[in-house]
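Here's my quick note to go with the model, written as numbered points. Keep the structure open beside you and look up each residue as you read.

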Amino acid sequence: MKRGLLSIALLVFVTAIAQAPQTLPSLVLKDVNGKNKNVADYAKTGKVTIINFWATWCTPCKKELTNINDNLYETWKDKYNVDLVAVSIDNAKNVLKVKPYVDGQAWEFDVLLDVNEDLKRALNVNNVPYTILLDKKGNIVWKHEGYVEGNEYILDEQVKKYAAM
């Protein structure tokens, strides 16, 4: 009898944990200007927030962020008050390429450096590009791995959906 109750209690506990909304971990990364940023703060803005993992050596990553920047980001900011954060996973050898690339692209969104891939591991990101969408409460509500031309419009639909909530 005790084993049965213990099993049921454990099942309820595990189910409750599995259903708890996932959010960003409290983890400090540097931005491209060397300023410390706690990643968890992006979940506390009250805005729909996009976290995009990328690298300078990843052609689809760069194409995705360029297409978002050129075609959608201004509208998202103006119409839906959306934040975009690009998280570079370039290692210590390549990290010096990030700021010149970002400056050359004239990206106006935050770019963080995850040189040791701590955030990548914490969020179970396997491959880049990888996009995470946070709702206004800071909960992770959508994830997408990879990029094919036009995928930014799938993200656009998700942004519109969660901005309306």
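1. Start with Arg 121 and Asp 118, whose side chains meet in a salt bridge with an N to O distance of 2.7 Å. A salt bridge here is a side-chain nitrogen of Lys or Arg within 4 Å of a carboxyl oxygen of Asp or Glu. Both residues sit in helix H5 (residues 118–122), three residues apart, about one turn of the helix. Helices (H or I, at least four residues) and strands (E, at least two) are DSSP runs, numbered from the N terminus. Asp 118 has 31% relative accessibility, so Asp 118 counts as partly exposed. The cut-offs are under 20% relative accessible area for buried, over 50% for exposed, and partly exposed in between (1.4 Å probe, protein chains only).

2. A word on what you're looking at: this is a predicted model, where local features need pLDDT of at least 70 and side-chain atom pairs count only at pLDDT 80 or more, while totals for chains, interfaces and linings use all residues. Residues are numbered from 1 along each chain as its sequence is written, and side-chain values use heavy atoms, with hydrogens and water left out.

3. How many salt bridges does the rule give? The count comes to eight. One of them, between Asp 156 and Lys 160, has an N to O distance of 3.1 Å. These two are four residues apart in helix H6, so about one helical turn separates them. Asp 156 is buried at 8% relative accessibility, whereas Lys 160 is partly exposed at 33%.

4. Lys 37 and Asp 110 meet in a salt bridge at 3.7 Å, N to O. Lys 37 belongs to strand S2 (residues 36–38) and Asp 110 to strand S5, 73 residues apart. Asp 110 is partly exposed, with 28% relative accessibility.

5. On to the rings: there are five aromatic pairs in the structure. Rings of Phe, Tyr and Trp (its six-membered ring) pair if their centres lie within 6.5 Å; planes under 30 degrees apart are stacked, over 60 edge-to-face, and the rest tilted. Why is the pair of Trp 54 and Tyr 101 called tilted? Their planes stand at 40 degrees, with the ring centres 6.0 Å apart. This pair links distant parts of the chain, as Trp 54 is in strand S3 (residues 49–54) and Tyr 101 is in helix H4 (residues 98–105), 47 residues apart. Trp 54 is buried at 0% relative accessible area, but Tyr 101 is partly exposed at 21%.

6. Compare that with Tyr 73 and Phe 109, whose ring centres are 5.5 Å apart and whose planes are at 85 degrees, so the pair is edge-to-face. Tyr 73 is in helix H3 (residues 73–80), while Phe 109 is in the loop between H4 and strand S5 (110–113), 36 residues apart. Tyr 73 is buried at 5% relative accessible area, and Phe 109 is buried at 5%. Ring pairs join Trp 54, Tyr 73, Tyr 101, Trp 107 and Phe 109 into a cluster.
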